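Good morning, everyone. Please look at the structure on the screen while I talk.

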Amino acid sequence: MKHLALITLVALAACKEEAAEAPAPVDLTPDALSYFCQMNIAEHGGPKGQIHLEGYPAPLFFAQVRDMVAYLKSPERDAKITAIYVSDMGVAPNWRQPGISNWIAADSATFVVGANVAGGMGAREVVPFADPADANAFINQYGGSPLPLNDIPDTEVLGPVDLDLLLETPA
C-alpha cells in the first residue's frame, strides 16, 4: 500500500511539472514584425494575434488574426504552442489603433467570422472580442457570425483572398 501511495505522489508531481503556466502576453511595440510578411505591424490596422512557442523567448506576432488562425491550422510549426492571445476589439481605441496591451486568451474569445471588414493586410478579417455583447454589436453593424476559435472554418483563413471584394474598414 505504501508503494502505491508513493507511485501516485510521484505521478502527480510529474503532472504538475508538465502543466507549466502559460506565458503572459507581450505588449505590441512599434517595431514588432508580422510573422508571415515581416512587415511592421504598427503600420496596419485591425486586430492582431500573438503565439508563444515553447523554447522561444518572444512570441510570433501576426498583422491579422486571420493569418494567426491560418498558422494554427497549419501542420508545420517550429515548436509546441504554449499560449495564444488576440486583440480585444471591444476595448480597442479604434480599428486603426487596436491597442498594445488589450490581449485576451484566444480560447476564451468570441470571433466574428464572415464580417464585411478588411484586416491589416487587406483580407477579410476574423475579429476577436472578450465580451460576446461587443461581438454582437459588431455583427449588427458589419455582419458575420460569432464563433469560438476551434470552430473557425478553414475556408475563412486558408482559402484564397479575393481583393476585389469591397470590404469596409471600421472607424
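**Sheets, a salt bridge and pockets**

Let's start with the open sheet: 4 strands, in the order β2-β1-β3-β4, paired antiparallel. Two strands stand at the edges, β2 (60–62) and β4 (103–105). Each has a single partner strand, so one side of each has no neighbour in the sheet. From one strand to the next, the twist averages 25 degrees. That angle is taken between lines fitted to C-alpha atoms, in N-to-C directions, and runs from 0 to 180 degrees.

Some ground rules. This is a predicted model: local features need pLDDT of at least 70, side-chain atom pairs count only at pLDDT 80 or more, and totals for chains, interfaces and linings use all residues. Residues are numbered from 1 along each chain as its sequence is written, and side-chain values use heavy atoms, with hydrogens and water left out. Strands are DSSP E runs of at least two residues, helices are H or I runs of at least four, and both are numbered from the N terminus. Strands pair if DSSP finds at least two bridges between them.

Back to the sheet. Strand β1 (residues 49–53) runs antiparallel to β2, joined by 3 bridges. Find Q50: its bridge partner in β2 is F61.

Now strand β5 (residues 110–113). Which strands does β5 pair with? One is strand β6 (residues 127–129), antiparallel, with 3 bridges. There, T110 has F129 as its bridge partner. Another is strand β7 (residues 145–147), also antiparallel over 3 bridges. V113 meets S145 there as its bridge partner.

Are the faces of β5 covered or open? Both are covered. T110 and V112 on one side, and F111 and V113 on the other, are all buried. Buried means under 20% relative accessible area, exposed means over 50%, and partly exposed is in between, with a 1.4 Å probe and protein chains only.

Next, a loop. S101 sits between β3 (81–87) and β4. With 49% relative accessible area, S101 is partly exposed. S101 and V26 are 75 residues apart in sequence, yet their C-alpha atoms are 7.4 Å apart.

On to charges. Side chains of opposite charge can pair when their charged atoms come close. The rule for a salt bridge: a side-chain nitrogen of Lys or Arg within 4 Å of a carboxyl oxygen of Asp or Glu. How many salt bridges does that give? The count is 1. D154 pairs with K73, with the closest N and O atoms 3.0 Å apart. The two are 81 residues apart, with D154 in helix α4 (residues 154–157) and K73 in helix α2 (residues 65–73). D154 is partly exposed at 43%, and K73 is partly exposed at 28%.

Last, the pockets. On a 1 Å grid over the protein atoms alone, a pocket is an open set of points where a 1.4 Å probe fits, with protein on both sides within 12 Å along at least five of seven lines; lining residues have an atom within 4 Å of a point. Volume is the space filled by probe spheres set on the points, which are joined across faces, edges and corners.

The largest pocket has a volume of about 190 Å³. Its lining includes W95, F129 and Y142. Helix α3 (residues 132–142) gives the largest share of that lining, 4 residues.

The second largest pocket holds about 150 Å³. It has 12 lining residues, with R66, R124, P160, V161 and D162 nearest its centre.
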